[in-house]
Amino acid sequence: MQLFYIAIIVPALVLLPIVAGLIIKVYKTSSFKIILFYLVFSGITNVAERLLGMRHINNLPLLHVYTIIEFLFIMRFFQLALNHPATVRLAGWLMVIFPVFGIINFVFIQDIHRFNSYPRPVAALIIIAFCLFYFLKYSETENQKSWVYYPLTWIVSGLLVYFGSSLFYFAFLNVLIEKVSSAVAYLFVTIHATLVMVMYLLFTTGFLYAKNER
């Protein structure tokens, strides 16, 4: 049942925000469209990973590429969501620097067939910083409605919950695999899958609130 939860249920839940986003037509708003594309990309990558796994083919090279493209999607989202000149420029520079770092990592530093424990936590730290800046900027504005009615806040909350909670998992997964029992490692994988599910549910909520903004 645990394997079914990790390998089937949680990955399939990506369909929730995708379907909600398509029905509500969030793609008409640039920032939501980026998140929708990100979710579709995640779903396709998950299917590819499962297919490779079923054929006993190491699928970690996909994760190295996924990390770079995921980062580009999220930085572009913050460029559109924050609409802050300095932040847009910073995100633009990071969208150049981080892919170079990711490529250097799998070519010269970490084997592409191992978990990318250097770029993934770096990406998480940057995304956490952008999430916190979003909430700082939001707190400085005079909002007439409660934050729960702002769809972008749900999206950023999803990113913050997932990347904030997964930071140490990303950084130490290679150590966990080598040093702890398979049962403990499996527990961490299950917790990580749950965080992914929470992110999908928060995205879905954000898309549902987006309907009220139009």
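User: What does Arg120 form with Glu70, and how far apart are the closest N and O atoms?
Analyst: In this predicted model, Arg120 and Glu70 form a salt bridge, and the closest N and O atoms are 2.9 Å apart. The pair links distant parts of the chain, since Arg120 belongs to helix α6 (residues 119–140) while Glu70 belongs to helix α4 (residues 60–82), and the two are 50 residues apart.

User: Are those two buried or exposed?
Analyst: Both Arg120 and Glu70 are buried. Arg120 also lies over the face of Phe170, at 4.5 Å from the ring centre.

User: Why would such side chains pair at all?
Analyst: In general, side chains of opposite charge can pair when their charged atoms come close.

User: How many salt bridges does the structure hold?
Analyst: The structure holds 3 salt bridges. One of them joins the side chains of Glu178 and Arg114, at 3.3 Å from N to O. That pair also links distant parts of the chain, with Glu178 in helix α7 (residues 151–179) and Arg114 in the loop between α5 and α6, 64 residues apart. Glu178 is exposed, having a relative accessible area of 52%, whereas Arg114 is partly exposed at 37%.

User: And which residue does Arg50 meet?
Analyst: The side chain of Arg50 meets that of Glu49 in a salt bridge, at 4.0 Å from N to O. Arg50 is partly exposed, with a relative accessible area of 28%, but Glu49 counts as buried because its relative accessible area is 14%, and buried means under 20%.

User: Switching to rings, how many aromatic pairs are there?
Analyst: The structure holds 18 aromatic pairs. Among them is the tilted pair of Phe41 and Phe73, which stands at 5.7 Å centre to centre with 50° between the planes. This pair links distant parts of the chain, with Phe41 in helix α3 (residues 30–54) and Phe73 in helix α4, 32 residues apart.

User: OK, what about the surface, which residues make the nonpolar patch?
Analyst: A nonpolar surface patch of about 1,000 Å² is made by Trp93, Val96, Ile97, Val100, Ile103, Ile104, Val107, Phe108, Ile109 and Tyr118.

Terms used. Residues numbered from 1 in each chain as written. Predicted model: local features only at pLDDT ≥ 70, side-chain atom pairs only at ≥ 80, totals over all residues. Heavy atoms only, no water. Patch = residues over 30% accessible without salt bridge, like charges linked within 9 Å, V, L, I, M, F, W, Y side chains within 5 Å. Areas by Shrake-Rupley, 256 points an atom, 1.4 Å probe, with all protein chains shown as cover. Buried < 20%, exposed > 50% of the residue type's maximum accessible area, 1.4 Å probe, protein only. Helix = DSSP H or I, 4+ residues; strand = E, 2+ residues; numbered from the N terminus. Phe/Tyr/Trp six-rings, centres within 6.5 Å; stacked < 30°, edge-to-face > 60°. Lys NZ or Arg CZ within 6 Å of the ring centre and 35° of its normal.
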